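User: Hi! I am new to reading protein structures and would like to learn how to look at one. Could you walk me through it?

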Amino acid sequence: MPSRSYMSFLFSLAELSLASCATTARMHTEAELSAVGRACGAAEGEVIQDAEEPRVLVFYAVAPSRAEIHCLAKWARHRHLHLAYISAVEQKSQ
């Protein structure tokens, strides 16, 4: 049976290797998000990243095209983010 210090060493090594995998998501600046939004055809302010959920990139637009969604999803995936898009419905006032 392995010694107690050897088991403790193995446990510490496993803990360190798992901790290195868990990185926090980087918050992108408004300028970066605006630039990717423009590059993908989105309007100013339609692409945001919330500080409470930094791993989620939010795209809020009225009837976004598939090309816009695909472009933003590709950018988000490349940066290990998830794209959440909200296709808003424009209501006519009465």
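Predicted model: local features only at pLDDT ≥ 70, side-chain atom pairs only at ≥ 80, totals over all residues.

User: Where is Gln49 placed, and is Gln49 buried or exposed?

Analyst: Gln49 sits in strand β1. For the second part, we look at relative accessible area, and under 20% means buried. Gln49 has a relative accessible area of 10%, so Gln49 is buried.

User: What does the side chain of Gln49 reach, and what lies 2.6 Å from one of its polar atoms?

Analyst: Here we look for pairs of N or O atoms within 3.5 Å. The side chain of Gln49 reaches the backbone oxygen of Arg26 at 3.1 Å. A polar atom of that side chain also lies 2.6 Å from the backbone oxygen of Pro54. Both Arg26 and Pro54 are among the residues that Gln49 touches.

User: Which residues of the largest nonpolar core touch the most other members?

Analyst: To read a core, look for buried nonpolar residues joined through their side chains. The largest one here has 14 residues, and those touching the most other members are Val47, Leu57, Phe59, Leu72, Trp75 and Leu81. Helix α2, strand β2 (56-62) and helix α3 (66-78) each supply at least two residues of this core. The largest share, four residues, comes from α3. Take Phe59 as an example: beyond its neighbours within four places in sequence, its contacts include Val47, Leu72, Ile69 and Tyr85.

User: And what is the volume of the largest pocket, and which residues are closest to its centre?

Analyst: Its volume is about 170 Å³. Of the 14 residues lining the largest pocket, Glu30, Leu33, Ser34, Val47 and Ile48 are the closest to its centre. Helix α2 (30-40) and strand β1 (47-49) each supply at least two lining residues, and α2 gives the most, with five. By type, the lining divides into five nonpolar, five polar and four charged residues.

Definitions and conventions
Residues numbered from 1 in each chain as written. Heavy atoms only, no water. 1 Å grid on protein atoms, 1.4 Å probe; cavity = no way out; pocket = protein on both sides within 12 Å on 5 of 7 lines; lining within 4 Å. Points joined across faces, edges and corners; volume = space filled by probe spheres on them. Nonpolar A, V, L, I, M, F, W, Y, C, P; charged D, E, K, R; others polar. Buried < 20%, exposed > 50% of the residue type's maximum accessible area, 1.4 Å probe, protein only. Polar contact = N/O pair within 3.5 Å; in protein donor to acceptor, adjacent residues only side chain to side chain. Contact = heavy atoms within 4.5 Å. Core = buried A, V, L, I, M, F, W, Y, C linked by side-chain atoms within 4.5 Å.
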